[in-house]
Amino acid sequence: MALEETRAWIMLLVTIVSYTAYLAAVLGRPGDTPLAQVPYVSALLWTVGAAIVASIVLNIAVAIVSPKEANAKDQRDREIHRFGEYVGQSFVVIGGVAGLVMAMADIDRFWIANAIYLAFALSAILGSTAKIVAYRLGFHPW
């Protein structure tokens with residue numbers, strides 16, 4: 001498995017685990033509090049921070065295990081990386097537009113923050129999945 005593919009797997013798994021942890025923290029709050037009034041900011045910040053730290057640590061660990069491949073990227077790796085980023089960035093745009101529209105519609109901050117966070121998570125998942133599929137099934141630039 002190429003090192004860049006390993007990095008895509010790390011991003012995919014870290015994103016899924018951190019977003020699932022966030023959902024469990026927010027949705028698992030006890031009480032009859034309406035969902036829009038559940039305190040979510042600390043859970044969001046902690047899961048995003050933990051995901052960043054976990055991703056960095058895992059990438060460093062992979063680079064330590066295979067130091068010769070750590071900085072070696074060929075043309076195919078660069079094209080697959082670019083392809084995955086283009087595919088994943090579509091959800092960042094969708095999330096940004098959704099957040100803007102929701103703010104203009106005067107929707108609660110809870111929903112705006114969660115829509116944007118969901119878009120970031122989907123962006124990472126879709127981009128990483130595109131990279132993994134490109135490595136596994138072959139990359140065919142348009």
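1. Going along the sequence, the pattern is α-α-α-α. That makes 4 helices and 0 strands in the protein. Bear in mind throughout that this is a predicted model.

2. On overall dimensions, the C-alpha trace spans about 55 × 35 × 20 Å along its principal axes. Of the 142 residues, 32% are buried. The exposed surface comes to about 9000 Å², and carbon and sulfur atoms supply 71% of that area.

3. Now for how the chain packs on itself. Take the contacts with a separation of 6 or more: 81% of them join residues 24 or more positions apart.

4. The charge count is even, with 10 positive and 10 negative side chains. The centres of the two sets lie 6 Å apart.

5. The UniProt record (an unreviewed entry) puts "transmembrane region" at residues 9-28, 40-65, 86-105 and 111-134. I looked at two of these in the model. Residues 40-65 are 96% helix and 0% strand, with the end C-alpha atoms 37 Å apart. Residues 111-134 come out at 100% helix and 0% strand, and there the end C-alpha atoms are 34 Å apart.

6. Helix α2 covers residues 41-65, which is 25 residues. From first C-alpha to last, α2 reaches 36 Å, close to the 36 Å expected at 1.5 Å a residue.

7. Which residues of α2 are buried? They are A43, L44, T47, A51, S55, N59 and V62. As for what lies over the buried residues of α2, the cover includes α1 and α4, the latter being residues 109-137.

8. A8 is worth a click in the viewer. This alanine sits in helix α1, which runs over residues 3-27. Is A8 buried or exposed? Its relative accessibility is 4%, so A8 counts as buried, the cut-off being under 20%.

9. What does A8 touch, once neighbours within four places in sequence are left aside? The contacts are S128, K131 and I132. The UniProt record includes 111-134 among its "transmembrane region" stretches.

Methods: Residues are numbered from 1 along each chain as its sequence is written. This is a predicted model: local features need pLDDT of at least 70, side-chain atom pairs count only at pLDDT 80 or more; totals for chains, interfaces and linings use all residues. Side-chain values use heavy atoms; hydrogens and water are left out. Helices (H or I, at least four residues) and strands (E, at least two) are DSSP runs, numbered from the N terminus. Buried means under 20% relative accessible area, exposed over 50%, partly exposed in between (1.4 Å probe, protein chains only). Contact means heavy atoms within 4.5 Å. UniProt positions are given in the numbering used here, feature names are shortened, and annotations may be inferred rather than shown by experiment. The expected span of a helix is 1.5 Å times one less than its number of residues. Accessible areas come from the Shrake-Rupley method with a 1.4 Å probe; for residues, only the protein chains shown count as cover. Lys and Arg count as positive and Asp and Glu as negative; His and the chain ends are not counted. The place of a charge is taken as NZ of Lys, CZ of Arg, CG of Asp or CD of Glu.
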